[in-house]
2 protein chains.
Amino acid sequence: MKAAVLGTGSVGQTIATRLAGLGHQVVMGTRDVAESKLRKTADAFGNPAIGEWVEKNPSVKLVTFKEAAAFGEIVFNCTKGVYGIEALTLAGKENLAGKIIVDISNPLDFSKGMPPTLTISNDNSLGEEIQKQFPNAKVVKALNTMWCGLMVNPAMINGGDHSTFVCGNDQDAKVQVKTILKSFGWAEKNILDLGDITNSRGTEMYLPLWVRVFGVTQNGAFNIKIVS
Amino acid sequence: MKAAVLGTGSVGQTIATRLAGLGHQVVMGTRDVAESKLRKTADAFGNPAIGEWVEKNPSVKLVTFKEAAAFGEIVFNCTKGVYGIEALTLAGKENLAGKIIVDISNPLDFSKGMPPTLTISNDNSLGEEIQKQFPNAKVVKALNTMWCGLMVNPAMINGGDHSTFVCGNDQDAKVQVKTILKSFGWAEKNILDLGDITNSRGTEMYLPLWVRVFGVTQNGAFNIKIVS
């Protein structure tokens, strides 16, 4: 599979590494390739800057958003929520048409202090806003409810037995995304399909609880398991 | 303990029954006692109307919001979120001063169709709004993240092993509420203190996910367990 990962932060790096490790052809999209390659300072959590990361991961080529979207048969939106629409716009509608966009982003707003609020919520969501603005793409919201380390390696905690969600308007696109999740280690029984893309409201509005649990535990390696 | 339960719906009925069963003296507050006693039609989920319920639960006296708050050493806000502030205002600031308000309510807005949105969220919450409007009460947000049957009987699922949250500004009030939760069957390790009352934003904003999981499972007897 030819995969485009949009976004060069820890989520993008983690998804790209995992996809490449599974044998897919992966490119990573960024706004300004030359500028990204110059970034060498790790973030506050010790995640490597993209300039350092690309040197250590030569199998993943760093290209523009547009080049990435043109290359990918499937597109992973791993941008920061506030930049997502802009990044996808730069990627180009023509390069996204007919393709699956796996939207992993969250509309977190850190500008008003911690913990973050959401830039969009309640009667709308980033997932459905992306679907509205890119009507010819097939947006599947997925994996946005946890730390990126768990997204691609659920077995890291609780024997892999915890919950993840998908939603989107295209049934076949969700089946394909589920297949990818299973290749990451997710058990079928732990992938809950919530329905159409408006259900992004549910998974995005869970983030204000997530950031608070993280605030208490100070360790991102946790998730929720739906028990009944 | 003398307990006031504000609200006559299934949450209020469930909390009142459980508290009375544990030997506490319980009154239930409503807007109009005479009108409430006339209500005899079960709701869409088969929960008994309050008029029927009081006949079968003579140990719980039905009184006005004001009489209930005056009686209770602790007050459980089990009203529908959109009526909560009004009900507490009718209960009277003077009757709430110095007391713990266990706020179980959620600001669900069903007026725009299903699933509900929230009337207040993101940079505010019902829990903190109640604390602001009743500054001399000690508001502890608790139990609002699940179906009421589980609130008082967590052992009903997964051997009682799943998560609940408390938050509030008064440390001693939270300790007292935790003691009540433990008397309901909650294990200490499963009660996560998120911090001050602003953390109500987290537990209330989880509701949009809860209603969607319920939409898929069609059974309220589920909860989340934080796993790590």
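View 1. A search of the whole structure, which is a predicted model, finds 0 disulfides over all chains, a disulfide being a pair of cysteine sulfur atoms within 2.5 Å. The sulfur of Cys148(A) is too far for a bond because the closest cysteine sulfur, in Cys78(A), is 9.1 Å from it. Cys167(B) is likewise in no disulfide, and the nearest cysteine sulfur, that of Cys78(B), is 16 Å away. Cys148(A) has 6% relative accessibility and Cys167(B) has a relative accessible area of 0%, and both count as buried (buried means under 20% relative accessible area, with a 1.4 Å probe and protein chains only).

View 2. Ser105(B) lies in the loop between strand S5 (100–103) and strand S6 (108–109) of chain B, where strands are DSSP runs of E with at least two residues, and helices are runs of H or I with at least four, numbered from the N terminus. Ser105(B) is buried, with a relative accessible area of 3%. Leaving aside neighbours within four places in sequence, Ser105(B) is in contact (heavy atoms within 4.5 Å) with residues including Asn77(B), Thr79(B) and Leu126(B).

**View 3. Helix H7 of chain B.** Of the 8 residues in helix H7 (126–133), 6 are buried, among them Leu126(B), Glu128(B) and Ile130(B). What covers the buried residues of H7(B) includes strand S4 (74–77), helix H5 (84–91) and helix H10 (200–205) of chain B.

Residues are numbered from 1 along each chain as its sequence is written, and chains are lettered from A in the order in which they are written. In this predicted model local features need pLDDT of at least 70, and side-chain values use heavy atoms, with hydrogens and water left out.

Definitions and conventions
Predicted model: local features only at pLDDT ≥ 70, side-chain atom pairs only at ≥ 80, totals over all residues. Buried < 20%, exposed > 50% of the residue type's maximum accessible area, 1.4 Å probe, protein only.
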